[in-house]
Amino acid sequence: AHAKSSPALSMTHRPGATGIATMRIAVFVGDGVSAPALRWLYQYLWRAGAVPRFVSDSLGPVTADDGSTLHPEITIAAAPPELWDSVVVADKLLDKD
């Protein structure tokens, strides 16, 4: 038997256009990332109503490519994937050998 479709349970059936408001977004940071770009992104997401968080493998300061520091707000171990609606991975973190 086929199950009936339920708008109440559908992730695509939402009244209005909420965009990214209230979405929890993990912004992964690590040594060598672009601090200005990630700070701009964080502020953009925040102003749009999202809930961004800098995430790293430890809570210690991260040294960016310009020598400035970013401060992770939570660790990967403390924030399982189920907590996030979306993630941002800086290209420098993908550029590992």
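Predicted model: local features only at pLDDT ≥ 70, side-chain atom pairs only at ≥ 80, totals over all residues.
Which residues have the most contacts inside the largest nonpolar core?

**View 1. The largest nonpolar core of the chain comprises 15 residues.** Val27, Val29, Leu38, Leu45, Phe54 and Leu70 are those with the most contacts inside this core. Two elements each give two or more residues to the core: strand E1 (24-28) and helix H1 (35-47). Helix H1 provides the largest share, namely five residues.

**View 2. The surroundings of valine 27 are shown.** When neighbours within four places in sequence are set aside, valine 27 is in contact with Leu38, Leu45, Pro52, Arg53, Phe54, Val55 and Val88.

**View 3. Arginine 53 and glutamate 73 form a salt bridge through their side chains.** The N to O distance is 3.7 Å, and a search of the whole structure finds one such salt bridge. Arginine 53 lies in strand E2 (residues 51-56), whereas glutamate 73 occupies the loop between strand E4 (69-70) and strand E5 (74-75); the pair, 20 residues apart, thus links distant parts of the chain. Arginine 53 counts as partly exposed because its relative accessibility is 24%. Glutamate 73 is also partly exposed, at a relative accessible area of 38%.

**View 4. The chain contains two helices and six strands.** Along the sequence these elements follow the pattern β-α-β-β-β-β-β-α. Among contacts with a separation of 6 or more, 65% join residues 24 or more positions apart. Of the 97 residues, 26% count as buried. The chain exposes about 6900 Å², of which carbon and sulfur atoms supply 58%.

Terms used
Residues numbered from 1 in each chain as written. Heavy atoms only, no water. Core = buried A, V, L, I, M, F, W, Y, C linked by side-chain atoms within 4.5 Å. Buried < 20%, exposed > 50% of the residue type's maximum accessible area, 1.4 Å probe, protein only. Helix = DSSP H or I, 4+ residues; strand = E, 2+ residues; numbered from the N terminus. Contact = heavy atoms within 4.5 Å. Areas by Shrake-Rupley, 256 points an atom, 1.4 Å probe, with all protein chains shown as cover. Salt bridge = Lys/Arg side-chain N within 4 Å of Asp/Glu carboxyl O.
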